[in-house]
Amino acid sequence: QLHTFESHWIHRLVIVPGESCPCIPSTHTHTHTHTHRERERERERERERERRRLLCFGTRILLAFHGRGGSSNNEVKCRHLCVLICELLGSCLPCFGVRGSKAMTRGPQAYGEASYWDERYKQDGGSFDWYQQFSGLAPLLQKYIPKTSRVLMVGCGNAILSEDMVQDGYQEIVNVDISSVVIEAMQKKYKDFPQLKYMTMDVRDMSSFADHEFDFVIDKGMLDSLMCGSSAQLSAAKMLEEVRRVLKPGGGYMLITYGDPRVRLPHLKTQESNIWTVLLHVLPKPGSKRASEKCTWDVTAPIPVQEDDGFSKAYSVDDPDLHYVYICVKAQEPAKASSKGVKHGKGK
C-alpha cells in the first residue's frame, strides 16, 4: 500500500539497531510471562513494536528525501506522507507533529468506503493534487483531449486539476467522488464555474451515466486507491468495466499512476483488451532529481513497451522518480443504438 503512495524508498531502509524514537513504546517490559498465552501476547506486542519502528524510520527517510528543496509543495506532500503512515500505524507520529484521524486509523483497506473519505475530508479542508499538477500534465492533456471534449474526472477529491483545465479552455468536466463531504465542499467552491459539475458517485457503479456519454476519462490516483483497499482485484475490474462503458467509441482513458507496466498492464489487458489501444508515457515526479534536471525525453512521445511489459533501455521500471501515464483509446464501433437505447456519441 505504501508503494502506491509516494514511498518507493520505504523498501530501501537501513534500520539502525537500538535507535529510539518517541513514536515507539519501549521494548523493555516487566511482565512475567508464566503461561503460553502470555508468551504469545508478548511476542505479538514485540512484532507490533517492530512494525512501528520500521514505519517510523521509513517516514523519517521519506521526509528527508521529499523535503529537500524546501518548497511549499514538498512541505504539503511530506505532511500527507506522514498522515498515510499514521493510517497504517493506527497511531500518531509525534516526532513530526502529525496525528491520524479516527477514520484514518482504519487503514488503506477502507479506501473503497465512503465513510473513510468523508471523515478524512472533514479533517482536511484544503486542496491537494496527487502525483502531478496541471503544469506537468498539460502537454499530454493538450495532445489527447480537445478542449470541446466532455471529460469525466474520477476520484476528483479536493484537487484543483479540473479548475486549471477550465482556465486553459476546457468547456465541460464532470467530477465524481465517493465522498459526499468533499463533493459538497467542491460544489460550493465552484458554484460560479458552469464548466464544472460535481457528483457523489462510486466509480465501481456509475449507472447514473448512460453508455458512451464521455469523450475522455481522467484518473489521477483513483485506480491506485482501489488497489490499496479490500477486494482490490474485483474493485479495479468493476471500475475499468464502468470506464469502458461510459466512454464513446474512439474515446480515451488517461490513467496517471505509480504503477509500472508490470503491475498495471495486466489490469488493462483483460479478456476485453481488444477494446483498448494502450499507449504509455512517463513523467518526472515533481520534486525529484529528474524533475530538477532538464527533461531529456519528449514526454508527448509514447514509449514502446516490450513483450515482457518492460521498458526500452532508456528507462527503468525501478526508477522511483517516474510517474506512468497510460492512454487507453477505446476501439471505434459501428453506429448503432446501445443496449440502453442511448445513441453512441461520435469518436474523437
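A disulfide is a pair of cysteine sulfur atoms within 2.5 Å. A search of the whole structure, which is a predicted model, finds zero of them. Residues are numbered from 1 along each chain as its sequence is written, and side-chain values use heavy atoms, with hydrogens and water left out. In this predicted model, local features need pLDDT of at least 70 and side-chain atom pairs count only at pLDDT 80 or more, while totals for chains, interfaces and linings use all residues.

Select Cys156: its relative accessibility is 8%, so Cys156 is buried (under 20% relative accessible area; exposed is over 50%, partly exposed in between, with a 1.4 Å probe and protein chains only). Cys328 is also buried, at 0%.

Next, the aromatic rings. Rings of Phe, Tyr and Trp (its six-membered ring) pair if their centres lie within 6.5 Å; planes under 30 degrees apart are stacked, over 60 edge-to-face, and the rest tilted. The count is eight aromatic pairs. Select Tyr116 and Trp117: the ring centres are 4.9 Å apart and the planes stand at 85°, so this pair is edge-to-face. Tyr116 is buried at 0%, and Trp117 is buried at 10%. Move to Tyr190 and Tyr198, whose centres are 5.8 Å apart with planes at 10°, so the pair is stacked. Tyr190 is buried at 4%, as is Tyr198 at 6%.

Last, the lysines. A charge sits over a ring if NZ of Lys or CZ of Arg is within 6 Å of the ring centre and within 35 degrees of the ring normal. Lys143 lies over the face of Tyr144, 5.4 Å from the ring centre. Lys147 lies over the face of Tyr170, at 5.5 Å.
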